[in-house]
Amino acid sequence: MRRPIIAGNWKMFKTRPETSAFFTALIPLVRDVQHCDIVVAPPFTALSTAVDQTEGTRVAISAQNVHWEDQGAFTGEVSVRMLSDAGCTYVIVGHSERRQYFGETDDWVEKKTRAVVKGGLKAIVCVGETLSERDAGQALDVVRRQVRSGLGRLTGPDLSHIIVAYEPVWAIGTGRTATPEIAAEMHAEIRKTFAEIYKAAAADALRILYGGSVKPDNISTLMKKEDIDGALVGGASLDPASFAAIIKYI
Ligand code: PEP
């Protein structure tokens with residue numbers, strides 16, 4: 001049985017006071033939740049506030065990006081060691097916005113993922129096709145390539161520190177969710193690709209999240225699909241009531 005994960009990606013939203021207010025509202029709403037892991041990824045500046053506010057709760061804190069080097073002359077970057085020191089336990093790697101606006105490549109995704117695993121954190125690695133790639137019938141090929149070149153040279157044990165998020169770019173922030181059937185087809189394909197590279201048991205244990213306009217009213221249908229093990233939620237994770245409703249999808 002794969003344990004579900006509901007993760008919120010705040011992107012470039014929320015100051016420290018807004019972060020405090022969010023957790024003050026969220027924590028009582030999810031205090032009794034047992035059925036899934038809960039992760040929130042605030043911006044770097046709010047990480048320590050989020051870590052302090054969630055201490056002793058079931059909510060884990062994630063960063064949204066990382067550099068693969070441990071330290072050095074890399075202005076504006078943050079290392080795994082620094083994130084770990086700040087109290088993070090997860091890092092999002094290869095989000096489509098980073099691929100699209102900041103030139104993140106499959107090669108960087110691999111370096112970052114390796115660094116995250118080596119540093120003892122968990123990587124939530126994002127893959128997904130654009131609308132033109134889907135319209136051209138290339139969606140499966142694109143995602144298979146992202147998996148093979150970004151994640152194909154890890155070790156089997158590394159895989160237990162990785163969570164994959166399938167996020168079709170055309171569904172992110174657009175209000176256009178992939179149908180549960182489209183998502184399920186891609187999740188099964190991702191798992192199959194991992195099974196071709198690693199042992200079947202490792203591929204079977206891998207948690208694959210869906211991301212793209214997940215809301216309280218579509219989460220439960222998505223979660224009914226066998227290969228969907230949770231969600232990476234953008235916009236709807238900014239509001240404590242809607243994020244709590246997604247967490248309580250059962
Ligand atoms: C995301 O940013 O990872 C995301 C899925 O955003 P949204 O839920 O707003 O589509």
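**Entry 1: contacts and overall form**

I began with the contacts in this predicted model. I took those between residues at least 6 apart in sequence, and 72% of them join residues at least 24 apart.

Next I looked up the dimensions. Along the principal axes, the C-alpha atoms of the protein fill a box of roughly 45 × 45 × 35 Å. I then checked the radius of gyration, which is 17 Å; a compact globule with 250 residues would have one near 18 Å, so the value agrees with that form.

I listed the secondary structure as well: the protein has 11 helices and eight strands.

For the surface, I noted an accessible area of about 11300 Å², and 53% of this belongs to carbon and sulfur atoms. Of the 250 residues, 52% count as buried.

**Entry 2: helix H11**

I picked out helix H11, which covers residues 240–247. Why is H11 described as largely enclosed by the rest of the structure? Six of its eight residues are buried, and therefore the description holds.

I wrote down the buried ones: Pro240, Ser242, Phe243, Ala244, Ile246 and Ile247. Then I asked which elements these buried residues of H11 pack against.

**Entry 3: Glu110**

I turned to Glu110, which is found in helix H5, residues 106–118. Is Glu110 buried or exposed? Its relative accessibility is 6%, and buried means under 20%, so Glu110 counts as buried.

I then looked for its partners. Leaving aside neighbours within four places in sequence, Glu110 is in contact with Ser149, Gly150 and Arg153. With Arg153 there is also a polar contact between the two side chains, at 2.7 Å.

**Entry 4: the ligand**

Last, I went through the surroundings of the ligand. There are 14 residues around it, and those that come nearest are Lys11, Glu167, Gly173, Ser213 and Gly234. By type, I sorted the shell into four nonpolar, eight polar and two charged residues.

One oxygen atom is 2.6 Å from an N or O atom in the side chain of Lys11. For the side chain of Glu167, the distance from a ligand oxygen to an N or O atom is 2.7 Å.

How much of the ligand does the protein bury? Taken alone, the ligand exposes 290 Å², and I noted that the protein buries 97% of that.

Technical notes: Residues are numbered from 1 along each chain as its sequence is written. This is a predicted model: local features need pLDDT of at least 70, side-chain atom pairs count only at pLDDT 80 or more; totals for chains, interfaces and linings use all residues. Side-chain values use heavy atoms; hydrogens and water are left out. A residue is near a molecule or strand if one of its heavy atoms lies within 4 Å of it. A polar contact is a pair of N or O atoms within 3.5 Å; within protein, one must be able to donate a hydrogen and the other to accept it, and residues adjacent in sequence count only if both atoms are side-chain atoms. Accessible areas come from the Shrake-Rupley method with a 1.4 Å probe; for residues, only the protein chains shown count as cover. Ala, Val, Leu, Ile, Met, Phe, Trp, Tyr, Cys and Pro count as nonpolar, Asp, Glu, Lys and Arg as charged, and the others, Gly among them, as polar. Helices (H or I, at least four residues) and strands (E, at least two) are DSSP runs, numbered from the N terminus. The radius of gyration is taken over C-alpha atoms; the globule rule is 2.2 Å times the number of residues to the power 0.38. Buried means under 20% relative accessible area, exposed over 50%, partly exposed in between (1.4 Å probe, protein chains only). Contact means heavy atoms within 4.5 Å.
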